[in-house]
Amino acid sequence: MRDKHHVHIVGRAGAARSLVFAHGFGTDQRAWDTIWPAFADEFRIVLYDHVGAGRSDPAAFEQHRYLTMDGYARDLNMLLDELALKDVVLVGHSMGATASMLAAIARPEQFARLACIGASARYLDEPGYHGGFSEADLNALYRAVTIGRDAWAEQFAPVAMGNRDRPELAEHFARAIKSVPADAILTVLCSIFQCDYRQTLQRLQRPTLLLQTRADAAVPLEAAEFLHRTIAGSTLRVIDAEGHLPHMSAPERVIEALQDFVRAPG
């Protein structure tokens, strides 16, 4: 599993507690490079790449296994087993957050608490629920990716990243999206955008912090509020940042929002 996910363990050697980071779509473990050092003096830090991303083993991507987020959740459970880690503090972004919540439902003893950035239980709109995308939106997205992944990445990255006054952020994200293997990207996108975990996530029973920016084109505030209502005892915090990737665009605000939560006992 360590080679499969290109695992890196850094931070405080022999620390009693582990802080695990799960990245989102179009990025890899390097997305956390401005976040994890803030916690390295206190925690063992575990960084890994989802299959199909970064420097994970290309041969490990089997389409049938990753048609839903459950495959990524099983990978996380297996990785924590191999590392013999329990009661970890998990910080996940977007699809990494969803996979982590599913993993915590399946194996609650592996998790102490979860911080989820830009998380959603469902992206597709339906009557009475605003997920952020209509069926026509998603069909157009899939069509654009099929026609040309790189051209789509150039269009999608600025929308998702926001912060139009800092175009270098979107340019970086676009390059990262283009690194997703062409034969995997449509499967990954479908596993994200076609998911519906609104009922499943009611079973999550770990302290959960939901971090949401004030303007996120991928996850509207209504979707974050739904998730907050769904997960008993969760905390929703809207941070003064914009875009779907605040850990990259506003790391200091994300660190500030995480400080007390990740250090809390239990």
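Which residue in S5 is the bridge partner of Val 91? In this predicted model, the partner is Ala 115. I shall begin with the strands around that pair and then turn to one helix.

Strand S4, residues 88-93, and strand S5, residues 111-117, run in the parallel sense and are paired over six bridges. Both belong to an open sheet of seven strands, whose order is S1-S3-S2-S4-S5-S6-S7 and whose pairing is mixed. At the edges stand strand S1 (8-11) and strand S7 (235-242); each has a single partner strand, so one side of each lacks a neighbour in the sheet. From one strand to the next, the twist averages 20 degrees.

The sheet is also packed against by helix H9, residues 251-263. Helix H9 touches strand S2 (18-22), S4, S5, strand S6 (208-215) and S7, and its direction makes about 160 degrees with that of S6.

I now come to helix H3, which spans residues 135-147. Its 13 residues reach 18 Å from the first C-alpha to the last, close to the 18 Å expected at 1.5 Å a residue. Which residues of H3 are buried? They are Leu 138, Leu 141, Tyr 142 and Val 145. Seen down the axis of H3, these buried residues fall within an arc of 95 degrees, and they therefore line one face of the helix. The cover over the buried residues of H3 includes helix H4 (149-161) and helix H6 (185-193). On the face of H3 turned away from the buried side, one finds the exposed residues Ala 136 and Ile 147.

Conventions. Residues numbered from 1 in each chain as written. Predicted model: local features only at pLDDT ≥ 70, side-chain atom pairs only at ≥ 80, totals over all residues. Heavy atoms only, no water. Pairing = 2+ DSSP bridges. Helix = DSSP H or I, 4+ residues; strand = E, 2+ residues; numbered from the N terminus. Axes fitted to C-alpha atoms, helices over the stretch in contact; angles between N-to-C directions. Contact = heavy atoms within 4.5 Å. Expected span 1.5 Å × (residues − 1). Buried < 20%, exposed > 50% of the residue type's maximum accessible area, 1.4 Å probe, protein only. Arc of directions from axis to C-beta.
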